[in-house]
Amino acid sequence: MKMRAWWVAVLLGAGGVAHAAGRLEVHDAWVRAIPPGASMTAGYATLSNAGDAPVTILTAQSDTFRNVSLHETIVAKDIAKMREVHRLVVAPGGTIKLEPGGYHLMLMSPRRAIAIGDKVGVTFLMQDGQRIDTSFDVIEPEAAQD
Ligand SMILES: [Cu+2]
């Protein structure tokens with residue numbers, strides 16, 4: 001009897017591990033058009049986890065920019081500073097917004113000019129090895145503020 005209970009527990013445990021998975025969904029993704037004379041801009045989006053395990057985003061890449069990183073804007077003593085974020089965890093059923101004044105994608109050293117209406121491909125890289133390909137719309141700078 002004890003033996004049978006043990007087997008049931010092992011089977012349930014294995015099943016739980018095998019099926020629990022994070023599932024990142026990216027919505028409302030946009031990039032601020034690069035201001036004249038600048039060589040960097042930022043990307044914003046709503047990141048939701050539709051899975052039943054946490055999703056850990058390590059970084060992102062883009063064919064359009066040589067240098068892409070996850071940043072966070074922090075205001076200390078009325079001065080806004082940015083720092084790189086090396087892991088962003090989206091809880092199961094949770095949402096994190098990349099938005100002006102908060103988390104954002106820092107997009108630096110463009111390989112080509114981007115115009116309003118263009119789409120910029122961004123790939124999010126997850127800790128578990130998953131890659132999610134997304135598309136960000138380029139929007140005029142006046143459409144947002146930091
Ligand atoms: Cu930044």
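Good morning. The structure above is a predicted model, in which local features need pLDDT of at least 70, side-chain atom pairs count only at pLDDT 80 or more, and totals for chains, interfaces and linings use all residues. Residues are numbered from 1 along each chain as its sequence is written.

I begin with the overall plan. The chain contains 1 helix and 10 strands. Both kinds of element are DSSP runs numbered from the N terminus: helices are H or I with at least four residues, and strands are E with at least two. Read from the N terminus, the order is α-β-β-β-β-β-β-β-β-β-β. Of the 146 residues in the chain, 20% are buried. A residue is called buried if 20 or more other C-beta atoms lie within 10 Å of its own, exposed if 12 or fewer do, and partly exposed in between, with C-beta atoms placed from the backbone.

Next, contacts. Two residues are in contact if their C-beta atoms, placed from the backbone, lie within 7 Å. Among the contacts with a separation of 6 or more, 68% join residues 24 or more positions apart.

I turn now to the pairing of strands. Two strands are said to pair if DSSP finds at least two bridges between them. Let us take strand 1, residues 24-32. Strand 1 is joined to strand 2, residues 40-49, by 6 bridges, and the two run antiparallel. Within that pair, Val-26 stands opposite Leu-47 of strand 2. Strand 1 also pairs with strand 10, residues 131-139, in the parallel sense over 3 bridges. Here Val-31 stands opposite Val-138, and the bridge partner of Arg-32 is Ile-139.

With strand 8, strand 4 pairs in the antiparallel sense over 7 bridges, and Asn-67 stands opposite Met-108 in strand 8. Strand 4 is also joined to strand 5 by 6 bridges, again running antiparallel. These two strands form a hairpin with 2 residues between them, where Lys-77 in the turn has a positive phi of about 50 degrees.

Arg-83 lies in strand 5, and Glu-72 stands opposite Arg-83. The two residues are 11 apart in sequence and 5.5 Å apart in space, C-alpha to C-alpha. Leaving aside neighbours within four places in sequence, Arg-83 is in contact with His-71, Glu-72 and Ile-74. Is Arg-83 buried or exposed? Arg-83 counts as exposed because it has 10 C-beta neighbours inside 10 Å.

Two other residues deserve attention for their backbone angles. Most residues other than glycine have a negative phi. Asp-78, however, has a positive phi, near 65 degrees. Asp-78 lies in the loop between strand 4 (65-76) and strand 5 (79-84), and is exposed, with 5 other C-beta atoms within 10 Å. The phi of Ser-109 is likewise positive, near 55 degrees. Ser-109 is found in strand 8, residues 103-110, and is exposed, with 11 other C-beta atoms within 10 Å.

Finally, the interior. In soluble globular proteins, nonpolar side chains tend to be buried together. A nonpolar core is a set of buried Ala, Val, Leu, Ile, Met, Phe, Trp, Tyr and Cys residues joined through C-beta atoms within 7 Å. Which residues have the most contacts inside the largest nonpolar core? They are Ala-60, Leu-105, Leu-107 and Val-122, in a core of 19 residues. The elements giving two or more residues to this core are strand 2, strand 3 (55-62), strand 4, strand 8 and strand 9. Strand 2 supplies the largest share, 4 residues.

Not counting residues up to four places away in sequence, Leu-107 touches Val-31, Met-40, Thr-41, Ala-42, Gly-43, Ser-62, Phe-65 and Val-68.

Thank you for your attention.
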